Amino acid sequence: MPQKKIAFIFLLLNSIFLNYTFAQKISEVDKIVAKYPSKFASTEKLAEKIETDFNSDYDKARAIYSWMAFNIKYDYNAFLNPPKTQGFSYSTEAEKQRKIKALNDKMLQKAFTSRIAVCEGFTALYQHLAELVGLKSEIIRGDSKTRLADIGRKITSSNHAWNTVLIDKKWRLVDVTWGQGYYDSNKGKMVNDFTSVYFDTDPDYFFAKHFPDSGSYLGNKLSKEDFLNGPLIYNKTIEEDYKIKSPDSGIIGAKFGDKMTFEIKNISKADQVFYLNKKNQPVKIQNSKEKRGSLEFQITYDKNIGDYITIYANTSSIVSFKIIKK
């Protein structure tokens, strides 16, 4: 076998299925924050440092995101074994709000000092630090879409939380929990892998992976059906603006021999585009054509394709679909 072909196959096989790790563009803000201590005496000291180093609200919000993503890790053990909900009694609404605030303050301080947290700790700490540097931030709770099995789910659940932050009179979407890394099911542990794509994320991409409990954002109703039945997209999709133009749904009905048509924006013939068959072997896309800034191609549905198909570009996973055999 030619050496170039061996090298190409080796590269493909070393990419992990459903890969979440990607080389990220590090901003100038990130470079400065990367030199910060991993621990500060207090949240106020960290906020003072950020206010000293950055002038714009945008850079301050980014600095909070970066410091947290660099230094606070997801507590997967707590996710698997959540602590019992702590109840409390109250006689007035004011007392109730005071006690809720006390619990929230305790949670964010624990995240800050221990440097491990689940999404509730991440979002509470982000909101707190934002307020310390003069920014308004809110916490949104809702559903998340991260697994193949999430494609075509029937119902949503409240299993995640993220932030919005007001910058230059515009609300920006932030998910610092996902910014710090991901869970590698092959290794059975969390992997630290900073990504910037969940800071000021395009709402179209953000709500393909998040669905708020309220069913709306900034007064606009979101489609639960689009969230549940849409394809599963990945970090690289957002980073490179690989908009999925076809199919419209994440669920493809097909019978053996059918040609499934795909169109993805900002991918060209120069990219190595492929999918993995049932044996996790890479199958290169053939006979693709460039079309209005997109790449259009067809894949024939056969017995070598399983219940899901994931499209890759240059070893990074781009989008996954669920296939229902007719």
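Predicted model: local features only at pLDDT ≥ 70, side-chain atom pairs only at ≥ 80, totals over all residues.
**Partners of S4**

Strands of a sheet pair through backbone hydrogen bonds, either parallel or antiparallel. Which sense does S4 take with strand S3? S3 covers residues 137-144, and the two strands pair in the antiparallel sense over 6 bridges. Within this pair, Glu138 stands opposite Thr164 in S4.

S4 also pairs with strand S5, residues 170-174. These two strands run antiparallel and are joined by 5 bridges. Val165 has Arg172 of S5 as its bridge partner. Leu166 has Trp171 of S5 as its bridge partner.

S4 and S5 form a hairpin with 2 residues between the strands. There, Asp168 takes a positive phi near 50°.

**The sheet around S4**

In what order do the strands of this sheet lie? The order is S5-S4-S3-S8, in an open sheet of 4 strands with antiparallel pairing. S5 and strand S8 (210-212) are the edge strands, and each pairs on one side only. On average, neighbouring strands are turned by 45° against each other, direction ignored. In a regular strand the side chains alternate between the two faces of the sheet.

**Helices against the sheet**

Two helices touch these strands. H4 lies across S4 and S5, and runs at about 155° to S4. H7 packs on the sheet and touches S3, S4 and S5. The direction of H7 makes about 15° with that of S4.

The two helices also meet each other. H4 (residues 57-71) and H7 (residues 119-132) pack at an angle of about 145°. Their axes are 10 Å apart. H4 passes H7 in a right-handed crossing.

Which residues make this contact? From H4 come Ala61, Ile64, Tyr65 and Met68. From H7 come Phe122, Leu125, Tyr126, Leu129 and Ala130. By class, the contact has 9 nonpolar residues, with no polar and no charged ones.

**A second sheet**

Another open sheet of 4 strands has the order S12-S14-S18-S17. Its pairing is antiparallel.

S17 is joined to strand S18, residues 294-300, by 3 bridges. This pair runs antiparallel. Glu290 stands opposite Leu295 in S18.

| Strand pair | Bridges | Sense |
|---|---|---|
| S3 and S4 | 6 bridges | antiparallel |
| S4 and S5 | 5 bridges | antiparallel |
| S17 and S18 | 3 bridges | antiparallel |

**The whole chain**

How many helices and strands does the protein chain have? The secondary structure comes to 11 helices and 20 strands. The chain has 326 residues, and 45% of them count as buried.

The accessible surface of the protein chain comes to about 17300 Å². Carbon and sulfur atoms account for 50% of that surface.

Terms used. Residues numbered from 1 in each chain as written. Heavy atoms only, no water. Pairing = 2+ DSSP bridges. Buried < 20%, exposed > 50% of the residue type's maximum accessible area, 1.4 Å probe, protein only. Areas by Shrake-Rupley, 256 points an atom, 1.4 Å probe, with all protein chains shown as cover. Axes fitted to C-alpha atoms, helices over the stretch in contact; angles between N-to-C directions. Left-handed = near helix turned anticlockwise from the far one by under 90°. Contact = heavy atoms within 4.5 Å. Nonpolar A, V, L, I, M, F, W, Y, C, P; charged D, E, K, R; others polar.
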